[in-house]
Amino acid sequence: ITASPKLSLGGSMLSEELKSKIYRFASEMLKGGTFADLSHSLRVWKLCEQIGKTENADLEVLYAAALLHDIAVPKYGVSCHYERGAQLAEEFLSQIGFPKEKVSRVISAIRAHSRYGGPEPSALEEKILYDADLLDCIGAVGIIRAVQRTPATPEEYPSIIEKQLENAEKGLQTQTAKKIAAEKIAFTRSFINQLKKELEEGVKP
């Protein structure tokens with residue numbers, strides 16, 4: 001990620017040094033995470049980048065928000081991670097010299113990204129981070145993350161995964177995210193149907 005192309009939207013540019021500092025901090029804070037780990041945050045960033053370019057969003061804000069949105073989960077759990085994560089991110093970004101005029105937008109996006117609480121996303125970057133995070137809850141990776149997040153019996157997983165699918169179908173904010181979601185939704189539905197079929201066959205006399 002530190003070798004990725006420079007972010008240059010709206011005439012500004014986030015330096016490789018700042019990106020590297022954000023990456024290293026996220027990597028350290030997310031150690032020990034399972035469903036909310038560094039690989040999840042990196043996937044969220046790539047989705048943010050894809051959506052953000054189409055929606056003409058600020059990629060600098062999205063890079064920092066994506067990498068830092070779950071930094072509180074390993075230590076504090078999911079219940080209030082959006083608020084604790086926002087506090088940690090604000091302190092860190094202020095220390096490393098992240099553009100002052102954009103810190104508050106990163107923090108607002110982190111506060112609004114979670115389905116567990118926090119404000120509803122309203123600004124464009126808030127909606128994009130919310131969508132990217134939600135997209136990583138469906139599809140093949142989303143199914144694996146559901147298993148990591150919620151230990152259950154095989155018979156319980158169809159309803160667990162269906163709930164995630166319902167959240168995605170109802171919750172996505174941007175048209176670009178909805179287009180990206182189509183293939184993931186189709187795959188997830190197919191998986192649920194196959195899982196139900198195999199479970200039903202297993203209990204037949």
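This is a predicted model: local features need pLDDT of at least 70, side-chain atom pairs count only at pLDDT 80 or more; totals for chains, interfaces and linings use all residues.
**Helix packing**

Two packed helices are described by the angle between their axes and the distance between the axes.

| Helix pair | Residues | Axis angle | Axis distance |
|---|---|---|---|
| H2 and H10 | 38-55 and 175-202 | roughly 130° | within 9 Å |
| H3 and H6 | 59-68 and 100-111 | about 45° | 9 Å |
| H7 and H9 | 124-135 and 157-171 | about 150° | 10 Å |

The axes of H2 and H10 cross at roughly 130°, which makes H2 oblique to H10. The crossing of this pair is right-handed. On the H2 side, the contact is formed by Leu47, Gln50, Ile51, Thr54 and Glu55, which meet Gln175, Thr176, Ala177 and Ile180 of H10. By class, the residues of this contact comprise four nonpolar, four polar and one charged.

For H3 and H6, the packing angle is about 45°, and the two helices are therefore oblique to each other. Their crossing is right-handed. Glu60, Val61, Ala64, Ala65 and Leu68 of H3 are in contact with a set in H6 made up of Lys102, Arg105, Val106, Ala109 and Ile110.

Because angles over 145 degrees count as roughly antiparallel, H7 is assigned as roughly antiparallel to H9. The crossing of H7 and H9 is left-handed. Here Tyr130, Asp131 and Leu134 of H7 meet Asn167, Ala168 and Gly171 of H9. The contact of H7 with H9 divides into three nonpolar, two polar and one charged residue.

Rolling a probe the size of a water molecule over the atoms shows where empty space is left. In this model, the count comes to one cavity of 30 Å³ or more. The volume of the largest cavity is about 110 Å³. Its lining consists of 15 residues. Of these lining residues, Asp70, Arg115, Tyr116, Asp133 and Arg145 lie nearest the centre of the cavity. Taken by class, the lining of the largest cavity contains six nonpolar, four polar and five charged residues.

Conventions: Residues are numbered from 1 along each chain as its sequence is written. Side-chain values use heavy atoms; hydrogens and water are left out. On a 1 Å grid over the protein atoms alone, a cavity is a set of points where a 1.4 Å probe fits but cannot get out, and a pocket is an open set with protein on both sides within 12 Å along at least five of seven lines; lining residues have an atom within 4 Å of a point. Grid points are joined across faces, edges and corners, and a volume is the space filled by probe spheres set on the points. Ala, Val, Leu, Ile, Met, Phe, Trp, Tyr, Cys and Pro count as nonpolar, Asp, Glu, Lys and Arg as charged, and the others, Gly among them, as polar. Axes are lines fitted to C-alpha atoms, for helices over the stretch in contact, and angles run from 0 to 180 degrees between N-to-C directions. Helices (H or I, at least four residues) and strands (E, at least two) are DSSP runs, numbered from the N terminus. Angles under 35 degrees count as roughly parallel, over 145 as roughly antiparallel, 65 to 115 as roughly perpendicular and the rest as oblique. A crossing is left-handed if the near helix is turned anticlockwise from the far one by less than a right angle, and right-handed if clockwise. Contact means heavy atoms within 4.5 Å.
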